Amino acid sequence: MAGPGRFRAELVKGIVAENPTFVQVLGMCPALAVTNSGLNGVVMGLATTFVLVMSSLMISALRKLIPSQVRISTYIVVIATFVTVADFTLQATMPAAHHEMAAFIALIVVNCIILGRAEAFASRNPVGLSVADALGMGTGFTLALILIGGIREVLGSGALFGFRVLGASFEPWVVMVLPPGGFLVLGALLLVFAKVAELRQRAAARAAAAQEAGR
Amino acid sequence: MSDGASAGGESLRLVATLTVAGLVSGLAIVLAYRWTLPAIRAHQAAALERAVFEVLPGAERMERRVWDGSGLAGAGAGGEAGESVFAGYAADGALVGWAVPAAGAGFQDTIKLIFGLEPSGARTLGMTVLESRETPGLGDKIYKDPKFVGEFRGLAVAPEIKLIKGHGEAPNEVDAITGATISSKAVVRIVNQAAALWRPRLPAPGAEPSAAAGTAAAAPAEQVPPDVERGGPVPGGKPGGRS
């Protein structure tokens, strides 16, 4: 039913072309709140990916059993369960990272990316494709958080993943690790992504026009 | 849903779906909780033990003591409830000092810390923050700035610690952190209140039996009851306003 090409397309589209953060602009709360360091971005991204993949798998497998009237509540129960499991696991394995963003782990439940993928994709596609879609979206989200977190950490504390990368003479821009820094970096990156998309579109249009003229 | 019977059947199906989802979810959460609980408890106990040894330099062993209203009893007497401190002993069994957990309002949220007091209760031996949500880059210097943390070594707590802007020279003066005056104030206030509360309760030096004779062998890390991990209750912590 679904060839390997389709599988790959679903996997890859979430990373750049339909990046959940920069293109769909979903899940803004964690993208702004926990990205004051690269490591926080990694942990938050991986926790969200885990929840996204597991709930897409469950929802896709059960999609024919769940009556449509109660589908949203059922999705939320499934998502909340995996979030709680992720919360406990993180607390048991990485206490320091959990300590830094305890409140935001619980808030993965209300991350629009997860409910969005459940409703838009997993509820109407077979398990394999749904997992590929979730993995791609999760990877795109994780990369976006690492990008935002990395930029904020370098500018705000002169370090990356805890290692100093800028010399001692560098005066950290404290604002970058504070909430306004999140908005500034996110805004700048959205601008870059929008510009790149626009240029690509124009190039494609020009190529099409050239092909038309050459014919 | 043209007739009543199928409408009833339909509702039943909805209720059944949600019930099953809830049951399975509950079971999964309980399993995850049971499975991770030992590791989480161990992390909390290890973190507390690290903090106690950090604020009592030279201590090799710690024992929890609970205030029973008239004196300090062993951990067993008061159960898990009640306010408690930790006695730290050196390798030779001499009392190094008391580690006092305390909490109070900071700039954004409650600051939980633990500090060490000499056996006499006159000076601090060290201070470390257990939990805080102070502003990153500014308020978090209360535990990230070695100079500020270092001030709490050998600080006189009587009559009380004073926060100074500039250079404090007296033995009871602490320099405020530039840009984090409220967080600095909060730490000083929390330590002052807890010191005032506990100083009269500590046994006179010498009265405390050195290394509670019966337990000379290294005691295993004690299970940490949740109330201790959060820091003992401190009355009257007022929220600090912006300055």
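Colleague: Which residues does N19(A) touch, not counting residues up to four places away in sequence?

Modeller: Contact means heavy atoms within 4.5 Å. By that criterion, N19(A) touches K13(A), G14(A), Q24(A), G140(A) and A144(A). This is a predicted model, in which local features need pLDDT of at least 70 and side-chain atom pairs count only at pLDDT 80 or more, while totals for chains, interfaces and linings use all residues. Residues are numbered from 1 along each chain as its sequence is written, chains are lettered from A and ligands numbered from 1 in the order in which they are written, and side-chain values use heavy atoms, with hydrogens and water left out.

Colleague: Is N19(A) buried or exposed?

Modeller: Buried means under 20% relative accessible area, exposed over 50%, and partly exposed in between (1.4 Å probe, protein chains only). N19(A) is buried, at 2%, and its place is in the loop between α1 (4–13) and α2 (28–33) of chain A. Helices (H or I, at least four residues) and strands (E, at least two) are DSSP runs, numbered from the N terminus.

Colleague: How does the span of helix α8 of chain A agree with its 31 residues?

Modeller: The expected span is 1.5 Å times one less than the number of residues. Helix α8 (residues 127–157) of chain A should therefore span 45 Å, and its end C-alpha atoms are 43 Å apart, which agrees. G158(A), with a positive phi near 70°, follows α8(A).

Colleague: Which residues form a nonpolar patch on the surface?

Modeller: Patches are made of residues with over 30% relative accessible area and no salt bridge; like charges are joined within 9 Å, nonpolar side chains (Val, Leu, Ile, Met, Phe, Trp, Tyr) within 5 Å. A salt bridge is a side-chain nitrogen of Lys or Arg within 4 Å of a carboxyl oxygen of Asp or Glu. Here L39(A), L160(A), F161(A), F163(A) and V165(A) form such a patch, with about 470 Å² of accessible area together (Shrake-Rupley method, 1.4 Å probe, only the protein chains shown counting as cover for residues). V165(A) is partly exposed, at 46%, and lies in the loop between β2 (163–164) and α9 (179–214) of chain A.

Colleague: Where in chain B is confidence lowest, and where highest?

Modeller: pLDDT is the predictor's confidence in each residue, from 0 to 100. Where it is low, the predicted coordinates should not be read in detail. In chain B, helix α5 (residues 226–229) is lowest, at a mean of 43, and helix α4 (residues 181–198) highest, at 90. Over residues 210–243 of chain B, pLDDT stays under 50.
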